[in-house]
Amino acid sequence: MDSIWQIRAPRIQGVRQGRNATVHKIANRATDRPRQMHQPPDVTVPISGNSAIPSVLQGLGVEPAAVFADAGVDLALFKDPENRISIITLGHLVRRCVETTNCAEFGLLVGQLAGTHTVGPVGLLASYVSNVESALHLLCRNLHLVRGGQVLSLEVAGEVAVLRYSIHHPGVEAVGVIEDAALACCFNIMRKLCGPQWLPREVRFSHRRPQNVRPYSRFFGTHLHFDADQSALVFSSHWLRHEKGPAAPELLKVLQQQVDSLAARDPGDLREVGALDAPGSAFAIAVDGGYAYVADGDWGVRVIDVSDPTDPTRSE
């Protein structure tokens, strides 16, 4: 059976994906007036996922201190991977790095040094669960706990699996560069889960084709598709059934407790009060009055009557 797993960006209120594209997390809010749209608060991401930025700059012959000062970022922040940085500030820093180094593949170089170890307890727990499918589901459900404003989703259709990544927080600069880093990180995670023999069928990039694609070809070793609708790794779905060695129950328990602790501190104020199956690949929602407008992949925009949040129904 085809299935969709997707997490919500913590600042996009109203929807989270589950199996069979079930629309979850319909907010229990007043629906007697149009929803007022506003700029969401900034979110932060851990330094751990971007800690390689100074070393990559040095490798390209650029002094990190000068670039960080120009971007208005304290270089000392990157000495501790547990520190956090605004995703808006990170985007600005990354843009200045690319402009200073004139290196289009800057994000790829940073992401090559990332993996499960840079996704906090969520990544560590994913490395020890029983199989690849369970690991990816865990990452998709919980990425927002450690990396706000970002979405990781897994879509399975027959023999093909697609692991998608995108930034949903508005106003972020250098999105394509950050997505390059995320794809490289996801590639490393898949190699960690499946072994060095794993290889995607295709890698999709939401940005245009760079003048020099050789760095991308060398790292990913497969077909590259630029100007795609969304950045993603495409691979054979049989890898989802790949079993890994059993982990110590005590270790799994400790890691799960750490993830649960992060979830308990999640600032999101949504709670599930109703659910409705959607046939497509629902990935975004907007609420106006008593109606929710769901972007449902190839099925287009579906209108859902949520005047009773406990019993959402399709509006024909």
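The following legends describe close-up views of a predicted model.

**View 1. A network of salt bridges links D70, R95, R96, E99 and E173.** D70 is partly exposed, its relative accessible area being 45%. A salt bridge also connects E99 and R95, whose closest N and O atoms are 2.6 Å apart. Both E99 and R95 lie in helix 3, where they are separated by four residues, or about one turn of the helix. E99 has 42% relative accessibility and therefore counts as partly exposed. R95, at 28% relative accessibility, is likewise classed as partly exposed. The count of salt bridges in the model comes to six.

**View 2. E202 and R204 form a salt bridge.** The closest N and O atoms of E202 and R204 are 2.8 Å apart. E202 counts as buried because its relative accessibility is 15%, under the cut-off of 20%. R204 is partly exposed, with a relative accessible area of 22%.

**View 3. Helix 6 and helix 7 cross, their axes coming within 10 Å.** The crossing of helix 6 past helix 7 is right-handed. On the helix 6 side, the residues in contact are V132, A135, L136 and L139, which meet I189, M190, L193 and C194 of helix 7.

**View 4. V213 occupies the loop between strand 8 and helix 8.** Strand 8 spans residues 202–204 and helix 8 spans residues 214–220. With 16% relative accessibility, V213 counts as buried. Leaving aside residues up to four places away in sequence, V213 touches L224 and F226. The C-alpha atoms of V213 and L224 are 8.8 Å apart in space, and the two residues are eleven apart in sequence.

**View 5. Y291, Y293 and V301 form a nonpolar patch on the surface.** Together, Y291, Y293 and V301 present about 290 Å² of accessible area. V301 is located in strand 14, which covers residues 301–305. Because its relative accessibility is 60%, V301 counts as exposed, the cut-off being over 50%.

Note on methods. Residues are numbered from 1 along each chain as its sequence is written. This is a predicted model: local features need pLDDT of at least 70, side-chain atom pairs count only at pLDDT 80 or more; totals for chains, interfaces and linings use all residues. Side-chain values use heavy atoms; hydrogens and water are left out. Helices (H or I, at least four residues) and strands (E, at least two) are DSSP runs, numbered from the N terminus. Buried means under 20% relative accessible area, exposed over 50%, partly exposed in between (1.4 Å probe, protein chains only). Contact means heavy atoms within 4.5 Å. Patches are made of residues with over 30% relative accessible area and no salt bridge: like charges are joined within 9 Å, nonpolar side chains (Val, Leu, Ile, Met, Phe, Trp, Tyr) within 5 Å. Accessible areas come from the Shrake-Rupley method with a 1.4 Å probe; for residues, only the protein chains shown count as cover. A salt bridge is a side-chain nitrogen of Lys or Arg within 4 Å of a carboxyl oxygen of Asp or Glu. Axes are lines fitted to C-alpha atoms, for helices over the stretch in contact, and angles run from 0 to 180 degrees between N-to-C directions. A crossing is left-handed if the near helix is turned anticlockwise from the far one by less than a right angle, and right-handed if clockwise.
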